[in-house]
Amino acid sequence: MSAQGTPIAAGKATQTPKGAWTVTFLLFLFMVVNFGDKIVVGLAAVPIMTDLKLEPAQFGLLGSSFFFLFSISAIVVGFIVNKVATRYVLLTLAVIWALAQFPMVGTVSFSTLLICRIVLGAGEGPAASVATHAIYKWFPDEKRTLPTAVLTQGSAFGVILAVPALNWVIVNHSWHYAFGALGIVGLIWVCAWLALGQEGPLEDTQALAATEPKISYFRLLTSRTFLGCVLATFGAYWALSLGLTWFTAFIITGLGFSQQQAGFISILPWVFGATVVILTGWVSQVMMVRGYTTRISRGVLGSVPLVIGGLILAAMPHVSGAGLQLTLLVIGSGLCGAIYVVCPPMLGEFTPASQRGAVIAIYGALYTFSGIIAPNVMGAVIQRAGNMLDGYMTGFTINAVIMISSGVIGLLLLWPNTEKARLTGGAARQPAPLKGAVSPT
């Protein structure tokens, strides 16, 4: 099939409502808190393993536990936001995050830590999909890639900002207090959202549910672009979940750096990844304006970096020197960020707005299954290896193979520009009704 298709329709573009970027910034901060919550266990890996006397396999289980209810919660909440305003759902999720942190401030057992991480994962599972759905109520399709990139940046900045601060708390006080600090920050965001958070005016989900033509969920979820997005992002999230759980432990126990040095080194993949994310969002939007199809400006643009990143990561065990190994790991895993920017807009292209919350949530629920598998696989490989460094290298090689495979699958399956016509029999979807007057920003 040809990569050529119909570019963005000519004519007057829908204006972006006033306040869209304010809400985008608040949701960017939402994701900053989200990833600060995720990274803390990996950052405190060595002191947690030492204090609780955990084997690598047990710590791998702890890292995976975060994802036990992650996908189930994402799907359930995804259907809820088809009918309930995202403003209230986001508020509820943030309250759960904050409250789940405070039990770790005192002396805890491995079981308590495990349970709190499971609860936190249930609260954070729907976060990215609900935030994305919320942003799409503020931006028309042709303007969604850049705000999606800004939202995705929250993950990088959540690590970049949180790691030095949390590591200082861990080094100078205790890993217990790092959890408490995150709980307080979460409550501060709740207050900000109560004051400034609003529902987007471009789409009224409940009105659309009554008037918009539907596509069966079976057809949406078995479409090649949906499957391509899930499988491509599965490989990217494998790398991300290893970064969240094992990166700091690797540079301390594998490469010999100190906990204090780890505070700086641990942000390097996220700094590079942040650059990839913003660049992808900008390039994609420029390509669309210039008439490239979304097959090229989203599908190919997101998949190729996965293949390149996997090849770079595959070279890591075959070079010597901690500096070079670290560089390859940072670049190889950081290139994964491109796929997160392009997949939600691709799904939004052909999914009716009244069904979009559920579809994006199910997409997130499926690809994050790699978050359950990857930390456990790494822990098991390390425990069975002759030495820790060999175990890490084997684990990263497995990651490389998965990334390359997922990138190739993305190149084969991501055809969003023809998906909409195929699913609707060639009928164009009507523009979403406005809930109120809008003004350009």
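Author: This is a predicted model. The largest cavity is lined by 42 residues. Nearest its centre lie F35, S155, Y237, L240 and Y340.

Reader: What makes a residue part of the lining of a cavity?

Author: Lining residues have an atom within 4 Å of a cavity point. Helix 12 (residues 224-254) gives the largest share of the lining of the largest cavity, seven residues.

Reader: Which classes make up the lining of the largest cavity?

Author: That lining holds 25 nonpolar, 15 polar and two charged residues. The volume of the largest cavity is about 700 Å³.

Reader: How many cavities of 30 Å³ or more does the structure hold?

Author: Two. The second largest cavity has a volume of about 100 Å³. Its lining includes K38, R117 and S241. Helix 1 (20-43), helix 3 (56-65) and helix 12 each supply at least two residues to that lining. By class, the lining of the second largest cavity has five nonpolar, four polar and two charged residues.

Reader: Now the surface. Which residues make the nonpolar patch?

Author: L61, F68, L69, I72, V76, I80, V84 and Y88 make a patch of about 670 Å². Helix 4 (residues 70-80) gives the most to the nonpolar patch, three residues.

Reader: Why is V76 called partly exposed?

Author: V76 sits in helix 4. Its relative accessible area is 47%. Buried means under 20% and exposed means over 50%. The value for V76 lies in between, so V76 is partly exposed.

Terms used:
Residues numbered from 1 in each chain as written. Predicted model: local features only at pLDDT ≥ 70, side-chain atom pairs only at ≥ 80, totals over all residues. Heavy atoms only, no water. Patch = residues over 30% accessible without salt bridge, like charges linked within 9 Å, V, L, I, M, F, W, Y side chains within 5 Å. Areas by Shrake-Rupley, 256 points an atom, 1.4 Å probe, with all protein chains shown as cover. Salt bridge = Lys/Arg side-chain N within 4 Å of Asp/Glu carboxyl O. Helix = DSSP H or I, 4+ residues; strand = E, 2+ residues; numbered from the N terminus. Buried < 20%, exposed > 50% of the residue type's maximum accessible area, 1.4 Å probe, protein only. 1 Å grid on protein atoms, 1.4 Å probe; cavity = no way out; pocket = protein on both sides within 12 Å on 5 of 7 lines; lining within 4 Å. Points joined across faces, edges and corners; volume = space filled by probe spheres on them. Nonpolar A, V, L, I, M, F, W, Y, C, P; charged D, E, K, R; others polar.
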